[in-house]
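I opened the notebook to record what I looked up in this structure. My entries follow in the order in which I made them.

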Amino acid sequence: MKKSLKSFGLILWMYPVLLVMACKIGDKEPEEAIPDAAAAVEEAVSDIPVNPLKDAYFGETHLHTSASMDAFIGGNRISTEDAYRFARGEEVIINGSPMKLKVPLDFCAITDHAEYLGETFTLTNPGTPGYDDPIATQMREVDNLEDGLALFVKYVVTPNRTGEKPHPDFWQGFESVKSQWRKNFEATEKFNNPGAFTTIHAYEWSSAPKAGNLHRNVFFRDTVVPDIPFSAVEGRDPQQLWEWMKEQKSKGSKVFAIPHNSNGSKGLMFPEEDLSGNPVDADYIRTRSEMEPLIEMMQIKGNSEVYPKFWPNDEFASFETAESIQNYSDRTFEERNFVRYGLKRGLKYQKDISMNPFKYGFAGGTDNHNGSPGNVEEDNYSVGSHGLADQTAENRLNNSIDGWATAYDINPGALTGVWATSNTRGAIWDAMMQKETFATSGPRIKVRMFGGFEFRDGYNSYEAMVRAGMQRGVAMGGDLPTTHDGAPTFMVWAAKDPMGPNLDRIQIIKGWVENGEMKERIYNAALSDNREVQSDGSVTPLNAPVNLETGAFTTDKGAPELSAVWEDPDFDPTQQAFYYTRVIQLPTARWTLWDEIREGVQYPENVAKTIQERAWGSPIWYTPKQ
């Protein structure tokens, strides 16, 4: 329902610089779309080379600048333009120090919180109404963690979790929201360079009822974006977000959402009931599966694949679990918080009501609040990720991160990899929508899988494998055809990060439902160093230590590339199943070890000094013949 709009003031639009002098306006549900600022200068994508076999592109899909009020309070003064400069490889002052990526990103989406875009427009534009408000002044001038946390809790955490008084008094209404969203839009257009560096219009919808994380990042394919994004202030239920997304699609937008941090969702991410207490039904499933092709597997606040307590037989489950999340806001881990459970529960829904709400491909992001997209290298974490909270090694030793976890328990974050025909907005968005994606815990590991029924036992080149996969099978994110008899086979391939150590193995994780029970098994499909799988399915670990004095990794073990054609030895054609790949790298120094070596701090004994980074490829699903 529309509400009346009361406003006064002057709006002055200048491209590419936007200056808005806006005053307080009444409630409004904006419906008009942002004028297509890029219509006069369309992307010259016709001249961009296209690879029909597709290339791997790495990008950031979860990043906050000073336009996110929580980041601003924490000291972030990085603009959207600054963040894009950092993403494409330029040096930028981040959290007080000059920082630079070792390798530029291929694409970047900046996902500032929609809930506080209006506030940050006021905070960052002198002369606007509300700029000199006492609270706004406090937010700009805060210079210590204690005062910053007090402001953060009062004006961000409490409204977000309770839904009460969503904006501070200096908020200038929807016109200020529109102004900041427009600034982000114009920066995103300015830095989009098809074929070289792609930017994607995006934002974060940040709902956390009773501290149960239900956040989603929302991504648009092109410049057909709404005048104002839908925030958790307008609707805290994901179903309200999806309905808004449906409305935008009816107006010409192409849009999807990626949920994140299921590990902190308090059981709400893969539910049996919706937030209103109604059982998950066909309408819910149909809408969710249409709007959400991917889920974020990992970010700064932990790896959401599995947790050792619930997966004791997974030898690689104890990886960046962000254990201390459980010490804050009653976010006790449950099995149903984790992605592998969600994939299995989706199969059970499929079996019971012929629809799967959790048919997700994989993405990775940082959720970095310093405005430094893709800053995932363990040895490049000298200024942390969350402003005043973890700016120095001493901070990281002693502080917590915004009521989420202890600072030394988090990690630099993850990346999204896509297989796309070109580095263009449309091709990358389409690859994400089709789930032909993979997530990495940071390294530029490439992973690819095809499933089918007509593959040979082996191929003499990567190109031959890919051609066979595209002609005779389905890629990651796809569904195996139901017209074949016999067990499916899977072609898997992975290549190391050029700057990192070799690979240990490729695993295939299978999930299925048998007699109403959700089950899973991990298979070692490809191994380095001529190792073989034992009769019990285990593999002899490699002795590839990290030098704890220098941080150097082992270079004479592992393989730079692994591949296999693997057939499911336990296939049952009557059982629905999913298969996804997990690639394990040889051990490297964790950022905490680099802090100890370089800064002289000493973390508690239970804090890991080394890790085995990894990549996860999106699943392929099998459905029995009807």
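Entry 1, salt bridges. I searched the whole structure, which is a predicted model, and found 41 salt bridges. Side chains of opposite charge can pair when their charged atoms come close. I then looked up a few of these pairs one by one.

I found a salt bridge between R590 and E320, with the closest N and O atoms 2.9 Å apart. R590 sits in the loop between strand 25 (588–589) and helix 13 (591–599), and E320 in the loop between strand 12 (302–303) and helix 9 (339–353), so this pair ties together parts that are 270 residues apart in sequence. Are the two residues buried or exposed? I noted a relative accessible area of 3% for R590, which is therefore buried, as the limit is under 20%. E320 has a relative accessible area of 9% and is buried.

D595 makes a salt bridge with R396, and here the closest N and O atoms are 2.9 Å apart. Which elements does the pair connect? D595 belongs to helix 13 and R396 to helix 10 (residues 393–398), so parts 199 residues apart in sequence are tied together. I looked up the cover of D595 and R396 and found both buried.

Entry 4, R467 and E463. I turned to helix 12 (residues 462–472), which holds both R467 and E463. They are four residues apart, about one turn of the helix. Their side chains meet in a salt bridge, 3.1 Å from N to O. R467 has 39% relative accessibility and counts as partly exposed. E463 is partly exposed too, with a relative accessible area of 41%.

E305, D314, R340, K344, E520 and R582 are linked in a network of them.

Entry 7, helix 11. I looked up how well helix 11 (residues 425–433) is covered, and it is mostly covered, with seven of its nine residues buried. The buried residues are R425, G426, A427, I428, W429, A431 and M432. After the helix comes K435, which has a positive phi, near 70°.

I counted 13 helices and 27 strands in the secondary structure. The radius of gyration is 24 Å, close to the 25 Å that the globule rule gives for 626 residues, so the chain is as compact as a globular protein of that length. Along its principal axes the C-alpha trace spans about 75 × 60 × 50 Å. Of the 626 residues, 61% count as buried. I looked at contacts between residues at least 6 apart in sequence, and 75% of them join residues at least 24 apart.

The accessible surface of the chain comes to about 23,800 Å², and 48% of it belongs to carbon and sulfur atoms. I counted 62 positive and 89 negative side chains, and the centres of the two sets lie 3 Å apart.

Technical notes. Residues numbered from 1 in each chain as written. Predicted model: local features only at pLDDT ≥ 70, side-chain atom pairs only at ≥ 80, totals over all residues. Heavy atoms only, no water. Helix = DSSP H or I, 4+ residues; strand = E, 2+ residues; numbered from the N terminus. Rg over C-alpha atoms; globule rule 2.2 N^0.38 Å. Buried < 20%, exposed > 50% of the residue type's maximum accessible area, 1.4 Å probe, protein only. Contact = heavy atoms within 4.5 Å. Areas by Shrake-Rupley, 256 points an atom, 1.4 Å probe, with all protein chains shown as cover. Lys, Arg positive; Asp, Glu negative; His and termini not counted. Charge placed at Lys NZ, Arg CZ, Asp CG, Glu CD. Salt bridge = Lys/Arg side-chain N within 4 Å of Asp/Glu carboxyl O.
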